[in-house]
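Hi,

Here is the structure I promised to pass on to you. Have a look around it first, and then read my notes below.

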Amino acid sequence: MRHSPLHGIIFTSMLAATGCGTFAAKADPLHGPSGAAWGLSDVAAGARPVFGRTEFRVESDLPGTRIGRAPGADAPITAPAEPADTTNLEPGALLDVWLSDRNVDIRTITTERSLGTAVVQGDFFRYNVVNSDPDLRGFWGQPLLLKWSALLEIPDRGAHVFAAELSRERGGRAIQVRTMVRVDEETVFEKQVRVFLGNPIFETSSRVLTLAPGYHRLEVWLAVDTRQAVLPASQLGIVLKIRPPGQMTAEPVQPSRIWHRVR
């Protein structure tokens, strides 16, 4: 069927009226200059339009981040757990000790009053740190659950990579280890490991959290269940590393960034 010139003019006018002329003339509307035709020039790369709504759903490529709906945002930013002008803080983490029970969740055990408390500075998250405090040393030799509670100082805004390593050298006894690391209300590391015949332990994991500057709540659990006493020289423990925005490698958390509230 042949179309008259008048028919072509009418069809082109209909396309222009519906906004299709710009789309037909230019490729992908989410990239390049043609994005302006859809009003997307201010939307961050990776944003996906939700048609029929006024906002855009922005999804981050970073693992472990949540989904938000704010234009130009990579992920929701977690606010500090404590106000920036906190004055009743002192260096170090609070260490509490309980008797461990492999049949009970470690978070449930730590809701009860602890057997003892100490302030730890320097080499954090080591199981044998119990021996460094005279009030806690007497509990050594029993299955123990240790929990460090602190405020982690975050100076920079943006995506922080938290990398945790649970390790033990070869040569110790058979044990079952349970551990968990949480920042604010987010779990960045959780493992349960059972080893026999003195085998070594090496477990790693990482998580990305987008944080605002300030003091963020840090909690580390480490429970050991064994029928034999853990050697005092055992290097069983957790190494917590952080890679802040703009850096290429994760570094162990510095003692100068660990604080606790004075009780």
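Let's start with Tyr127, which counts as buried because its relative accessibility is 3%, and the cut-off for buried is under 20%. Please keep in mind that this is a predicted model.

Tyr127 also has a ring partner. The centres of the Tyr127 and Trp140 rings are 5.4 Å apart and their planes meet at 55 degrees, so this pair is tilted. The two residues are 13 apart, and both sit in the loop between strand 5 and strand 6 (144-154). Trp140 is buried as well, at 17% relative accessibility.

The count of aromatic pairs comes to 3. Another tilted one is Phe124 with Phe125, at 5.5 Å centre to centre and 35 degrees between the planes.

Next, find Thr110, in the loop between helix 3 (106-109) and strand 5 (116-120). Thr110 is buried, at 13% relative accessible area. Its side chain reaches the backbone oxygen of Ile106 at 3.1 Å and makes a polar contact of 3.2 Å with the side chain of Trp221. Leaving aside residues up to four places away in sequence, Thr110 touches Trp98, Leu145, Lys147 and Trp221.

Finally, look for an open sheet of 4 strands, in the order 10-7-12-13 with antiparallel pairing. Strand 10 (201-211) and strand 13 (251-252) are at its edges, each with a single partner strand, so one side of each has no neighbour in the sheet. Strand 10 pairs with strand 7 (residues 158-168) over 11 bridges, and Arg168 has Ile201 as its bridge partner.

Enjoy exploring!

How values were computed
Residues numbered from 1 in each chain as written. Predicted model: local features only at pLDDT ≥ 70, side-chain atom pairs only at ≥ 80, totals over all residues. Heavy atoms only, no water. Buried < 20%, exposed > 50% of the residue type's maximum accessible area, 1.4 Å probe, protein only. Polar contact = N/O pair within 3.5 Å; in protein donor to acceptor, adjacent residues only side chain to side chain. Contact = heavy atoms within 4.5 Å. Pairing = 2+ DSSP bridges. Phe/Tyr/Trp six-rings, centres within 6.5 Å; stacked < 30°, edge-to-face > 60°.
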